[in-house]
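Subject: Handover of a structure and its findings

Dear colleague,

Please find below the structure that I am passing on to you. I would be grateful if you could read the notes that accompany it.

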Amino acid sequence: MLSSQLLIPTLKETPADAETPSHRLMLRAGLIRKVASGLYTWLPLGLMVLRNIETIIREEMEKANAQELLMPVVQPKELWQESGRWEQMGLEMLRMQDRHQRDFCMGPTHEEVITDLFRNEIHSYKQLPCNLYQIQTKFRDEIRPRYGVMRAREFTMKDAYSFDLDQTAFDRTFTGMHAAYTRILERTGVHFRAVEADSGKIGGAKSYEFHVLADSGEDKIAFSDTSDYAANIEKAEAIPPAPSENTNQSITEEKQRVATPNQKSIDSVCKFLKIQKHTALKTLIVESETGLVALVLRGDHELNEIKAQNIAGVSNPLTFADETRINAELGCPVGSLGPVGLEIPIIADHSAAATDNFTCGANENDFHFTGINWNRDVRAFECADLRNVVDGDPSPDGYGRLQLKRGIEVGHIFQLGTLYSAAMKATIQDKEGKALTPIMGCYGMGVTRLVAAVIEQSHDDSGIIWPLSIAPFKVHLLALNYHKSEQVRTAANDIYTACQKAGIKVLLDDRGERPGIKFADADLIGIPLRVTVGDRALADGNIEFQSRREKDKQILPLDSIVTLLKQACSS
């Protein structure tokens, strides 16, 4: 392809609303253009990368015995009512009506549609296992689209759905799909981790997320420094501290009521009383099915909302109580609350329950208690894992300590069990002719998000650095003074033609731009292999070769370059 014939509208300046490296670089390199909030047009260069990733996905899905199909973006309300999710999905699901006032939605996912297809077309155990996938548009009406295509409203996803006769067969399918996801990400050239995760609105007993490691990632993942344990921070278990880790265990202080005027936050209270945050407890009031519930954590720990809302009776999704209601029912404003004398259910995080002689709110405005101890001062309470893990916590598998890193979730696979097949009455006949409900799995990968994740992990101050496997072109051929020098034009055209004959996808910069502009654009769009043709080197029968990942340039004989490029592209 010639640069003069390809739409690559690069930008010198970064758009003001671009927050992350991938968003900035995708706009500047001319990969995407914004249409509206969370909606993007993919331009030729960006679409090439997208299609290369899709090719890798299709190859690995075929190895995993998955069959490709294509389901509609628009889905009828009736299917979602059968699964019970029409009301559960909330405002993220864009609902609409057709001209006959029939209700539809823009599909945020396709469990209902695929289960409906299965129950209508698959009837015998002989047709299992069945693994079907698509690469299709999804729409989720994000309340705050951000980070470009990383958190867009419309996006491309690969989603697969498996149906198996029994748990043993399903385990084989699930293991095969886990391996396929691993191979896909390895082939795209990213550093990643597969981690245990919460199943969220998709549901199911167990799930794993695949995270590309990047400082800009929205999610935190925890992994052991000595074992294979890894989990999303939403899922990572905080192990109850051993008795030997309890603070001040041998000394029991006396309860004291102290004035803390205008001190409402943990930080301000601890600073005012000159105490450490881990010796103070904070009390959060949330809604439950029967009224208010108090959640108590150490001052230096953060509430894990997913863990909290999964506790029986606590509202799901987690809902914090309104301050007006707290004042009316508990007689105390937020900021001075504590578990002593509180006449609502109390759930203490394990670390909070292991803390002695702690400071907490006195349930009286501008006053706190010090020297508080569980059982003596607070008798009725339950214990649960309520907090986010932190660096240095013991690994839940018993090996090593946890480390935290940020990651970008690009894949999520779920063990659905019979959640959808039972709800939608999808059955098959077993060997005895009896109706059997198949076990399902669900496997999603964000294709457009993966493009952004690669850039987040693979860029420098000058631009993108594409891995060879997904780059829009393998070779960027920069012809300096192309329109004025016959020598440069002839050599560049010869290399271009030879690369095409060798099956190497090459971009020839034949524009009449200055060398500085050509080099800057080449760095920005990030094609992995660069060949520069100029009069000075050609005078000695040479050209210049450089990898986008390396700063050093090589001067090579002109007649050897195509052989070198073949080797580089096949490695």
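This is a predicted model: local features need pLDDT of at least 70, side-chain atom pairs count only at pLDDT 80 or more; totals for chains, interfaces and linings use all residues.

Residues are numbered from 1 along each chain as its sequence is written, and side-chain values use heavy atoms, with hydrogens and water left out.

Q75 belongs to strand β4 (residues 74-76); strands (E, at least two residues) and helices (H or I, at least four) are DSSP runs, numbered from the N terminus. With a relative accessibility of 0%, Q75 is buried (under 20% relative accessible area; exposed is over 50%, and partly exposed in between; 1.4 Å probe, protein chains only). A polar atom of the Q75 side chain lies 3.0 Å from the backbone oxygen of T109. The Q75 side chain also makes a polar contact with that of H110, at 3.2 Å (N or O atoms within 3.5 Å; within protein, one able to donate a hydrogen and the other to accept it, and residues adjacent in sequence counting only if both atoms are side-chain atoms).

The whole structure holds one cavity of 30 Å³ or more. For this search, a cavity is a set of points, on a 1 Å grid over the protein atoms alone, where a 1.4 Å probe fits but cannot get out, and lining residues have an atom within 4 Å of a point. The lining of the largest cavity consists of M150, E218, D219, G407, I408, E409 and R449. Strand β20 (residues 402-417) gives the most to this lining, with three residues.

A search of the whole structure finds 37 salt bridges (a side-chain nitrogen of Lys or Arg within 4 Å of a carboxyl oxygen of Asp or Glu). One of them joins R325 and E287, whose closest N and O atoms are 2.4 Å apart. R325 lies in helix α9 (residues 323-330) and E287 in strand β14 (residues 281-287), so this pair ties together parts that are 38 residues apart in sequence. R325 is partly exposed at 28%, whereas E287 is buried at 18%. R325 forms a salt bridge with E329 as well (2.7 Å, N to O); these two residues are four apart in helix α9 and therefore separated by about one helical turn.

Yours sincerely

Technical notes. On a 1 Å grid over the protein atoms alone, a cavity is a set of points where a 1.4 Å probe fits but cannot get out, and a pocket is an open set with protein on both sides within 12 Å along at least five of seven lines; lining residues have an atom within 4 Å of a point. Grid points are joined across faces, edges and corners, and a volume is the space filled by probe spheres set on the points.
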